[in-house]
Amino acid sequence: MIYNYTTKPEPPRCTGRFNARSLRFSRSMVFAIDEINNSKELLPGIRLGYRIYDSCVSVPVAAHVAFQLTNGLDPLFYKGSNCSQSGVIMAAVGDSASTPSISISRIIGSFNIPLVSHFATCACLSDKQQFPTFFRTIPSDHFQADALAKLVKYFGWTWIGVVHSDSDYGNNGMASFLEAAVREGICVEYIESFFRTDPQRKIQRVADVIRRSTAVVVLAFTAIGEMNVLLKELARDPPPPRQWIASEAWATDPNLMSFSFCAGTIGVAIQQSIIPGLREFLLDLALPEVAASSALTEFWEDAFNCSLSESADPDKRVCNGAEDIKSLKSPYTETSQLRITNMVYKATYAIAHAIHNAVCNKTNTMTQCEKHTILGPKQVLEELKKINFSRNGYHVSFDANGDPIAFYELVNWQRGESGVIKLVTVGYYDASLPKGQEFRINKNLTWLDGGTQVPESVCSQSCPPGTHKVLQKGKPICCYDCIPCPEGEISNKTDSIDCFPCAKEFWPNMEKDECLPKPVEFLSFTEGLSIILAVCSVIGACMAIITAVIFLNHRTTPIVRANNSELSFLLLFSLTLCFLCSLTFIGAPSEWSCMLRHTAFGITFVLCISCVLGKTIVVLMAFKATLPGNNAMKWFGPPQQRITVVFLTFIQVIICTLWLVLSPPFPVKNLTTHKEKIILECALGSAVGFWAVLGYIGILAVFCFVLAVLARKLPDNFNEAKLITFSMLIFCAVWITFVPAYVSSPGKLTVAVEIFAILASSFGLMLCIFAPKCFIILFQPEKNTKKYLMKKN
């Protein structure tokens, strides 16, 4: 279109079907003004006038209306009577949508004219920098978005799809919701925006996205018009069952409840209310009053399919006044659930209270108002910020952003016995309550397909304790894999982000959801291995004692006397101690047992080897003494033998004493060898002391072995050197293999290896040296003679 600016352009016009619900809103404002003008307490003696404009939910029309409000040329009416003034606008009620309200508020705000909306919920309108004169009686979408996010979280849904109107209401509301969803840990599979006038292919694409999605829950932050278009498209080929979450704009619309697949929808809604006398006022319409109003005329003709004018539509009958509005089923007459209507009612009273506070004063029991005061919209604006009153039990006040306290009802679309979906209030949401207590649900809900169990909508199942979440690459945080905790770590909460290690002395259970005290391991007397070793130890000690008794009973026989009976008895005593000292290695280590077991072992074995060494030297000296001219035996008689044994043993005593004084063995909890258990063991204290004790025993054993090898072929019928050679061979072999076995054995097996080495070497000495002698004494007494012993081989 080309404008030549020579003629005035046509004003924007409304298109589309007549909205009877919006007519109810406007008529409710008229009802409230009537109440105010008849009140003796509010604005006594002052009558309010009004003029109603239709913005048609259109920005151009809304802008045109805003300019009309500010130009002061249009007269104001109250039921046909001229007001005392014309063109002076104190405040405006409206609009029913956010986008037109934005346009109107930007224009009339420049003139400090307050706009009090009953249905514009866009959070953007709370910005006092842009909209300093905007107020509303309906909560902001900021609160609604927060309530919806908490509602989704309340039922455990973390994986949802969202659709929203491509408008200020939908876009800003969705932005607020997504912020709240992030705070609540909710993931969004898809976000689709559309408008009711979009091409059909775009609406179809949005419907297909819903059908293909994996999210069971769909949140729709849309106006009624957009939702109606979307549901019609979905009804052509219904999607898999979806749980709908409704924003306040469409949660209570009865027309949308005709879509059966939406049964179970849950949403937030403005609180139901009761306005006494409103229904009677709405139904009190006569033809003359209807004909005087273009809006009422259009409603009447649309509702009853008749024409008030004969020339208007020749195909329609002429309205004759017999039409019964009381039996009419229309959004205009639907007053069973007054929600937004009450917001209009409260907005009207809010403006009246602001004007009252500006021009009226209460003296004693009377209220006097200055009728001729020149009142400007700026004064009304300032008073609106301060109002605080209740009407019909409903509180009205505004915060610093011009918003009321957020309070929503939770509504549920439940299918009745007849199959018709009805709206049921199941609880409420009160933003003024402490965090976590905002919801109150006091009735049973029904869900999609009429189910009674809360549907599940998650991208990934919850990770049980014992596992932790690992995010799937390229997907939202709600999509993850459950990975078992690493060794030594647990998670004791569902959906744990990470695992944490147990304390040093604790270890996870099989499920890895609890830290249990590590089992303490040591070689106890109740174990089978310990019992076997202890029995062997006692048997060995008994054998040594029995052998000593046999030798004592046959001490006068040649075989006992010929083998140095004094050293033999001392050797049997030391072997008894060797067998018994192995018992000190069994049981829980203590400070004293750790010091005793190593020192007792070291000293008794040196005593034992010293005796064997003494016997070996005696054999060598005895042979040399039989040679002509050799008197060597006198230098190694019994006194020298005793001194040798004592001296060699005393050296070991000194080594052990230094070890105990400087750095003695001590009990310790070994936490490193086995991660899953604690090994109680004796730490060596000083490793040098331990290996010095073993090394000294080894030196004596090697020296004894060498001497025994040298004496093994001496001419004697019963050469003890041969027996000592075999015993030392066994002794050295045992302790040579002991060292690597001791170092490599884990846990309590280290102690078992040490006990085994003690017993094996002790039994080797016992059997090799004394078993042949006992056999002859007991079973071959004929050989236990001096003649047999002196006989040459």
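Predicted model: local features only at pLDDT ≥ 70, side-chain atom pairs only at ≥ 80, totals over all residues.

Reader: Which residues of helix 6 are buried?

Author: Burial here requires under 20% relative accessible area. In helix 6, Ile 203, Val 206, Ala 207, Val 209, Ile 210 and Arg 211 are buried.

Reader: Against which elements do the buried residues of helix 6 pack?

Author: Their packing partners are strand 6 (159–165), strand 7 (187–194), strand 8 (217–221), strand 9 (243–246) and helix 7 (224–236).

Reader: How is a sheet to be read, and what is the strand order in the open sheet of 3 strands?

Author: Strands of a sheet pair through backbone hydrogen bonds, in either a parallel or an antiparallel sense. In this open sheet the order is 26-28-27, and the pairing is mixed. Strand 26 (520–521) and strand 27 (666–670) are the edge strands, each pairing on one side only. Strand 26 pairs with strand 28 (residues 678–683) in the parallel sense over 2 bridges. Glu 521 has Ile 679 of strand 28 as its bridge partner.

Reader: Where does Ala 91 lie, and with which residues is Ala 91 in contact beyond its neighbours within four places in sequence?

Author: Ala 91 belongs to the loop between strand 2 (81–82) and strand 3 (92–93). Apart from those neighbours, its contacts are Ile 113, Pro 114, Ile 351 and Val 380. Between Ala 91 and Thr 133, 42 residues apart in sequence, the C-alpha to C-alpha distance is 9.6 Å.

Technical notes
Residues numbered from 1 in each chain as written. Heavy atoms only, no water. Pairing = 2+ DSSP bridges. Helix = DSSP H or I, 4+ residues; strand = E, 2+ residues; numbered from the N terminus. Contact = heavy atoms within 4.5 Å. Buried < 20%, exposed > 50% of the residue type's maximum accessible area, 1.4 Å probe, protein only.
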